[in-house]
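Hi,

Here is the structure I promised to pass on.

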Amino acid sequence: MPAKNTIRLTMAQALVKYLIAQKVEIDGETLPLFEGVFAIFGHGNVAGVGEALYQVQDQLPTFRAHNEQGMAHAAIAFAKANNRRRMMAATTSVGPGALNMVTAAALAHVNRLPVLLLPGDTFATREPDPVLQQIENWNDPTITPNDCFKPVSRFFDRITRPEQLLNSLPQAMRILTDAIECGPVTLSLPQDVQTMAYDYPESFFAERIHRMRRLGADVVEIEQAIELLKTAKNPVVIAGGGLHYSEALPEFHQLVEKYQLPVGETQAGKGALPWDHALNLGSVGVTGSAAINELAREADVVFAVGTRLQDFTSGSRSLFSRDARIVSININGFDAIKHNGVPVVGDAKRTLPQITDLLEDWQPSAAWCDRAESLRQQWNETVSIAMTDRGTDLPTDAEVIGAVNRAADEKDIVVCAAGGLPGELHKLWRTKYDKGYHLEYGFSCMGYEIAGGLGVKMAKPDSDVIVMIGDGSYLMLNSEIATSVMLDQKLILVVLDNRGYGCISRLQHACGGAGFNNLLKDCKTIDGGAPKTDFAAHAKALGANSEKVGCIPELEQALIRAKQSDKTYVITLDTDPLSTTESGGSWWEVAVPEVSEREQVRLARKQYELAKQQQVI
């Protein structure tokens, strides 16, 4: 007999009921933690999870997508746009549907973003084995394709009994809402177990309100950081994405303004200061501004806040002087000790005011501050010139960015992910809105752009979401254009067609290589070469409004029409595959062959070896 105060549910019904009970408190308002579930059904989830979701559509909406990787990207982008405070789940069938989400899981893992992945799995009973889409491992029958999620999930569990949810789901929520361990959670759901019933305690489904846990830093660590910071005459600050996730921008502004600290922003940190703020010297690192990079090379103390200091930020560890010391505020000790940094492990919103108070009357060198201001002005002039239309037949990425940036309203959001555009956007895009710059550049995943734009629009419906994307990424994953139309989530897409993978072609040449297999003209083709893709016609076939333009003035007029459109609007234009903004930036380590028959490669190798001598390991 079932115990009192229980409710008999299938495993799938219990899972869905538990998700509905999860709430989050944001600015005094209680909201659902899960905005909804993206789903593509198949035999592995339609009868279990699908039926459970059908019963609760008014409490937990289900969104039908067109590609499993794409829908997971959309869910991840939604969480990023919400500073990781709210999120979505994504469910698939077994086999190829599940595996399509593995790339998205890796993206969420690298970027420390929450998403709940619910792939269907083969029968736990194994009675009908092998079922359709099942991969049989001859030596280990417990292995299924879903095991591929293990290395790219913060938490993984295979639910082989319905009562296992009682232990697994609270752990899943712990990871999804934890500032340190935040990342993708995968619950692998055998299709037979989804339909099995169990008498769950009613208390398991009581409303749970999640609040941000703000951990304070150790007193000794703060004292050590203060001691080092007070020795600095020529400091720079690196603003990372953790400032956004901690919602610590007011505290950050107070610190840098009180002590007049020059700031460089990472890809994830961009928007921490308005672009025209007197202390914002632009992007830092490989795709950085000449202003902050020049200061970073000479800084005696680098104050890193909420950044994992990846290679693009540090110029593959060559940007900062060997004599420079790094103070790193980070909620995650794993990141705080990188580059032999002096760690301050704690929440930025809680820790920054302590740093501000304890620095007391310390100030950097007046000459350093004057120089920072001069370099900032020079860089802003450089950006303005780079984004000005030159009237050439093929506009550069920078000229296109200039036109789009000028057309964007203050609360509009630009979305991008891979190729050459993220580097140009990092240098050039000007935003006053702290959420106005949404780049996925931790995993640099082609195909994130359109799906990510969908997730951002769902999170920020009052903003125009402008997706800037190259032809390569568009061709790789474009199906969520149809989803955006279907869900009435309007996007503005600007497709820059440079006929290939222009960014990698430039990198290939920089490493001494010949043009090979990147631009379409350098690829193996039959009977006259690769076809010219009509992106405007393709987007129209997916339900969007669209047009092709031939120059920057035409683009500017098209952007006005796109703004006025009542549904997703796609603009495409041909661009220069070779030009990039030369000003700014720093070295990035890409290994060059030691031995080659090509003289260009041998010269590139010599330059590579010289550059490596500047690395601080």
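Helices (H or I, at least four residues) and strands (E, at least two) are DSSP runs, numbered from the N terminus. UniProt positions are given in the numbering used here, feature names are shortened, and annotations may be inferred rather than shown by experiment.

Before going on, a word on what you're looking at. This is a predicted model, with local features needing pLDDT of at least 70 and side-chain atom pairs counting only at pLDDT 80 or more, while totals for chains, interfaces and linings use all residues. Residues are numbered from 1 along each chain as its sequence is written, and side-chain values use heavy atoms, with hydrogens and water left out.

The unreviewed UniProt entry also places "domain: Thiamine pyrophosphate enzyme N-terminal TPP-binding" at residues 37-133. Over residues 37-133 the chain is 38% helix and 20% strand, and the end C-alpha atoms lie 23 Å apart.

Now the domains. The assignment gives domain 1 (6-210), domain 2 (219-379) and domain 3 (388-574); such bounds come from an automatic or database domain assignment. Over C-alpha atoms, the centres of domain 1 and domain 2 are 38 Å apart. Nine residues from domain 1 and nine residues from domain 2 make up the contact (heavy atoms within 4.5 Å).

About 890 Å² is buried between domain 1 and domain 2, with carbon and sulfur atoms giving 43% of that (the accessible area, 1.4 Å probe, that two parts lose on being put together, summed over both). Asn83, Arg112 and Ile180 supply 52% of what domain 1 buries against domain 2, more than any other three residues.

How many salt bridges are there between domain 1 and domain 2? The count is two, taking a side-chain nitrogen of Lys or Arg within 4 Å of a carboxyl oxygen of Asp or Glu. Glu247 also forms a salt bridge with Arg85, where the closest N and O atoms are 3.3 Å apart.

Most residues other than glycine have a negative phi, and most peptide bonds are trans. The bond from Asp129 to Pro130 is cis, with omega near -10 degrees, and Pro130 sits in the loop between strand E7 (115-121) and strand E8 (155-158). Leu309 has a positive phi, near 50 degrees, in the loop between strand E15 (301-305) and helix H12 (311-314).

Cheers
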